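Here is a short briefing to read alongside the model.

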Amino acid sequence: MEADGADWSSGVDPTKASVARIYDYFLGGTHNFSTDRDVARTLEAIEPRARLITRANRAFLARATRFLAAEAGVRQFIDIGSGIPTQGNVHEIVQGVDPAARVVYVDHDPVAVAHSTAILAGNQNATVVQADLRDAHEILEHSTVQRMIDFSRPVGLLLVAVLHFIADEDRPASIVARLRDGLAPGSHLVLSHGTHQNHAETTEAVSKVYRRAVTQANAQARSREEILGFFDGFELVEPGLVQGPLWRPDTPADVPEDVERYWFLGGVGRR
Ligand SMILES: C[S@@+](CC[C@H](N)C(=O)[O-])C[C@H]1O[C@@H](n2cnc3c(N)ncnc32)[C@H](O)[C@@H]1O
């Protein structure tokens with residue numbers, strides 16, 4: 001049991017690794033089993049920067065979310081593939097700007113949903129829904145999403161480090177387009193994605209580990225052009241689609257010297 005009283009591991013098979021729990025491990029969280037840690041260590045043997053890259057992705061998410069709330073005036077958010085929030089969560093960031101800002105987290109992982117449920121208890125303006133990104137219709141039509149989100153007003157849609165777990169055969173670009181078509185003008189897409197550009201060997205080895213060790217993780221990195229394609233119908237805001245640490249760093253000193261080794265691209269688009 002956690003200090004907050006949530007039994008996050010109840011009913012979860014500890015012998016099957018999960019993307020959400022591996023990510024939690026890389027972020028220094030405690031919602032993971034030895035199976036997850038074993039996979040994480042295999043990944044670290046391939047990519048010793050795994051933790052740094054994970055944290056840089058999380059930092060990108062925080063900066064982009066703050067931009068949406070503080071500069072673009074967005075007041076409602078759907079964060080799909082939200083994971084197991086440790087700190088710097090979307091609701092903390094946006095409700096820090098406006099306590100009335102609304103957030104719906106969406107993940108298919110039961111531990112992510114259980115933990116989000118626990119930390120959001122008592123927060124009237126934030127909630128979590130268990131759903132699969134591959135069924136965009138289900139997400140858009142979900143009764144909780146419909147209750148929390150006013151689709152006639154701008155929405156911040158977050159697809160951060162999740163689309164690289166959707167295989168080509170599941171047509172990720174169509175999924176994003178389906179979600180986009182439900183959004184009012186002024187809505188924003190925040191997206192990050194692993195890229196194989198200049199990192200083909202590492203990203204293929206990492207993807208292989210995920211595909212072999214994690215059920216439901218059809219991991220694959222994509223080219224810059226493919227990732228740009230997810231922004232179809234959105235106008236990228238400055239500085240465009242860049243390596244995550246280069247997206248509006250708080251200070252130049254925050255950009256690692258070896259930034260080219262951070263093989264994920266991040267961007268924000270405006271509808
Ligand atoms: C690498 S984590 C990213 C978490 C968070 N978005 C971030 O960037 O800090 C990916 C998350 O996407 C979730 N996920 C993967 N495939 C999904 C799917 N088809 N539907 C919903 N969630 C999915 C995983 O369970 C995991 O929590």
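The notes below go from the whole chain to the ligand site and then to one helix beside it.

This is a predicted model, so please read every value as computed from it. The chain contains ten helices and eight strands. With a radius of gyration of 17 Å, close to the 18 Å that the globule rule gives for 271 residues, the chain is as compact as a globular protein of that length.

**The chain as a whole**

- The C-alpha trace spans about 45 × 40 × 40 Å along its principal axes.
- Buried residues make up 56% of the 271 in the chain.
- Among contacts between residues at least 6 apart in sequence, 71% join residues at least 24 apart.
- The accessible surface of the chain is about 11,800 Å², and carbon and sulfur atoms account for 48% of that area.

**The shell around the ligand**

- There are 20 residues around the ligand, and those that come nearest are Tyr23, Arg58, Gly81, Asp107 and Leu133.
- By residue class, the shell consists of eleven nonpolar, five polar and four charged residues.
- Two of the elements that contribute are helix 1 (19–26) and helix 3 (50–71), each of which supplies at least two residues of the shell.

- Arginine 58 places a polar side-chain atom 2.7 Å from an oxygen atom of the ligand.
- Asparagine 57 has a polar side-chain atom 2.8 Å from an oxygen atom of the ligand.
- At glycine 83 the backbone takes part: one of its polar atoms is 3.4 Å from a ligand oxygen.

- Which residues of helix 1 are buried? They are Ala20, Arg21, Ile22, Asp24, Tyr25 and Phe26.
- That makes six of the eight residues in helix 1, which is therefore described as mostly covered, with buried meaning under 20% relative accessible area.
- The cover over these buried residues includes helix 2 (34–46), helix 3, helix 5 (110–119) and helix 9 (200–213).
- After helix 1 comes glycine 28, which has a positive phi, near 85°.

How values were computed:
Residues numbered from 1 in each chain as written. Predicted model: local features only at pLDDT ≥ 70, side-chain atom pairs only at ≥ 80, totals over all residues. Heavy atoms only, no water. Near = heavy atom within 4 Å. Polar contact = N/O pair within 3.5 Å; in protein donor to acceptor, adjacent residues only side chain to side chain. Helix = DSSP H or I, 4+ residues; strand = E, 2+ residues; numbered from the N terminus. Nonpolar A, V, L, I, M, F, W, Y, C, P; charged D, E, K, R; others polar. Buried < 20%, exposed > 50% of the residue type's maximum accessible area, 1.4 Å probe, protein only. Contact = heavy atoms within 4.5 Å. Rg over C-alpha atoms; globule rule 2.2 N^0.38 Å. Areas by Shrake-Rupley, 256 points an atom, 1.4 Å probe, with all protein chains shown as cover.
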